[in-house]
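Visitor: I'd like a quick tour of this protein, please. Could you bring it up and take my questions as we go?

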Amino acid sequence: MLFGKKEEPELAEVLDQRRPSNVEAMNQVHRKSVSNKGLTGASALTVRQSILPITLVTILFFLWGFAYGLLDVLNAKFQNSLNITAAKAGGLQGAYFGAYLIGPPTWAGWVVRKFGYRWTFIIGLVVYGIGALMFWPSAVYRSFAGFCGSLFIVGSGLSTLETSANPFIATCGPPRLSEFRLELSQSFQAIGSVMAPLLASRVFFKNTDPQDLSNVQWTYLGIAAFVFLLAVVFYFAPIPEVTDADMALQAEQCAGLTGYVDKPLKKQYKLFFGVAAQFCYVGAQVGVASQFIKYSVESAGISDAAGSDRYALGQGLFAIGRFAAAGLMMVMKPRWVLMAFMTGVMIFIAAAMGVNGEGGVAMLCLVLFFESCVFPTIFTLSIRGLGRHTKRGSSWIVAAVSGGALFPSLTGLVADNKSYHIAMCVPLVGFFVAFAFPIYLNTVCAQELDGFRESTIGYHGEDGENGDVAREGRSPSVVHEEKGISPLEKEVAY
């Protein structure tokens, strides 16, 4: 869990360095790697400077949304082709989400701290591509174990991408827009999740023999070719490196607004609460998704095909909810948005347990709508103020996605012994733990979170400077960090 601790800078190291300008950060984007202890100036990027790299990384969000969307379709395909039980097919989800438990807190987290975001993107894409290629021999030999192993490799690649992409989006640009950026980028992940099953049913697996897995082979071969090409694109792409030293400096710049004080990782209680909340939330979300179709069949007495249509509607609402939440974050505090959406989740998951017929299905669709903003918002609010611990803390939150390997099996176990309505009590428990997190944020961490929202780092001020000491209200004890900075270094945000 502590891989790469020595790659984190000490605060004294950060404050003794000359601070590069954001222009220098953009001019040095082609470096092969970067020291996590060195300042690059990328923590003060403007909106204009961050648009291109964020757009490129947003493609990755769509990519793993698409991969996740294919998972349920492949589940059903393998059950029919390999004649396996639903419980055994659930091993696919265990393999996929289990990879998140291993990679981010160990080797993936170490890579992002040791070599920076660019090489973590490239390594994640290559691992993902290798996993996609492994589907070919697995299909040839009709090996379920092979498919589980392939999905584990795919999950390892995607968890590596998430270990770098989530904190990169959250930190690449003005800090006051952190939650908005990640919410908007993750909206395209939701679009990928909606598109994948639609393409799978209407293009990839249309009019095919239920025993024929050749389309699975060709589908993943195409994905592998695409991600290998994308890895080459990221090698040449203008990706600025935001180091832990940069985040430590940014936290110090906002100290007058947030009350930030540098603390060791073991005292970052908000992070630990966020990891627990994310683990339970993701587990509950996947638990609902995995049983949605069977719940619809039980509740409304409809066919599996009709239940799939209802699930597609719910996924559409999930995507709409992310765009809606991103818009709300431009006018409302993110901690309020998270509280409102989690309240909606709690209300409608409880209603789904008690309402039968199409009304129950509608309640579950609304659960998906209100789930939409929770993951990215928990992520960004949890890493606020981590400073020099940002990358390591981010890897732990990504590891919490492994909750998706636990809750679906528990939900299915209750469904087998009781009913799918009663089984929703398992996600309800997970959502309850996650619901406690926005309560904590709004009562204990309000000043810190609101301070980052008021920061003008990355914006054009009256004096034309970004991250100005006086304007950000920094502590006088860190003014010496400004040595070597020319007052003429200016950058306009728009």
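Visitor: Which residues do ring pairs link into a cluster?
Guide: Keep in mind that this is a predicted model. Rings of this kind pair if their centres lie within 6.5 Å. Ring pairs of that sort join up four residues into a cluster: Tyr 117, Phe 121, Phe 168 and Phe 234.

Visitor: Which charged residue sits over the ring of Tyr 117?
Guide: A charge has to be within 6 Å of the ring centre to qualify. Here the charged end is 4.5 Å from the centre of the Tyr 117 ring, and it belongs to Lys 391.

Visitor: Which residues touch the most other members of the largest nonpolar core?
Guide: That core has 115 residues, and helix H3 (residues 47–82) gives the most to it, with 12. Phe 234 touches Leu 56, Val 57 and Leu 60, among others. The ones that touch the most other members are Phe 121, Phe 234 and Phe 431.

Visitor: Are the rings of Phe 135 and Tyr 220 stacked or edge-to-face?
Guide: Their centres are 3.8 Å apart and their planes sit at 10°. Planes under 30 degrees apart count as stacked, so this pair is stacked.

Visitor: How many residues apart are Phe 135 and Tyr 220?
Guide: Phe 135 is in helix H8 (residues 135–140), while Tyr 220 is in helix H11 (residues 214–236). The pair links distant parts of the chain, and the gap is 85 residues.

Visitor: Is Tyr 220 buried or exposed?
Guide: Buried means under 20% relative accessible area. Tyr 220 has 3%, so it is buried.

Key:
Residues numbered from 1 in each chain as written. Predicted model: local features only at pLDDT ≥ 70, side-chain atom pairs only at ≥ 80, totals over all residues. Heavy atoms only, no water. Core = buried A, V, L, I, M, F, W, Y, C linked by side-chain atoms within 4.5 Å. Buried < 20%, exposed > 50% of the residue type's maximum accessible area, 1.4 Å probe, protein only. Helix = DSSP H or I, 4+ residues; strand = E, 2+ residues; numbered from the N terminus. Contact = heavy atoms within 4.5 Å. Phe/Tyr/Trp six-rings, centres within 6.5 Å; stacked < 30°, edge-to-face > 60°. Lys NZ or Arg CZ within 6 Å of the ring centre and 35° of its normal. Lists of a residue's contacts leave out its neighbours within four places in sequence.
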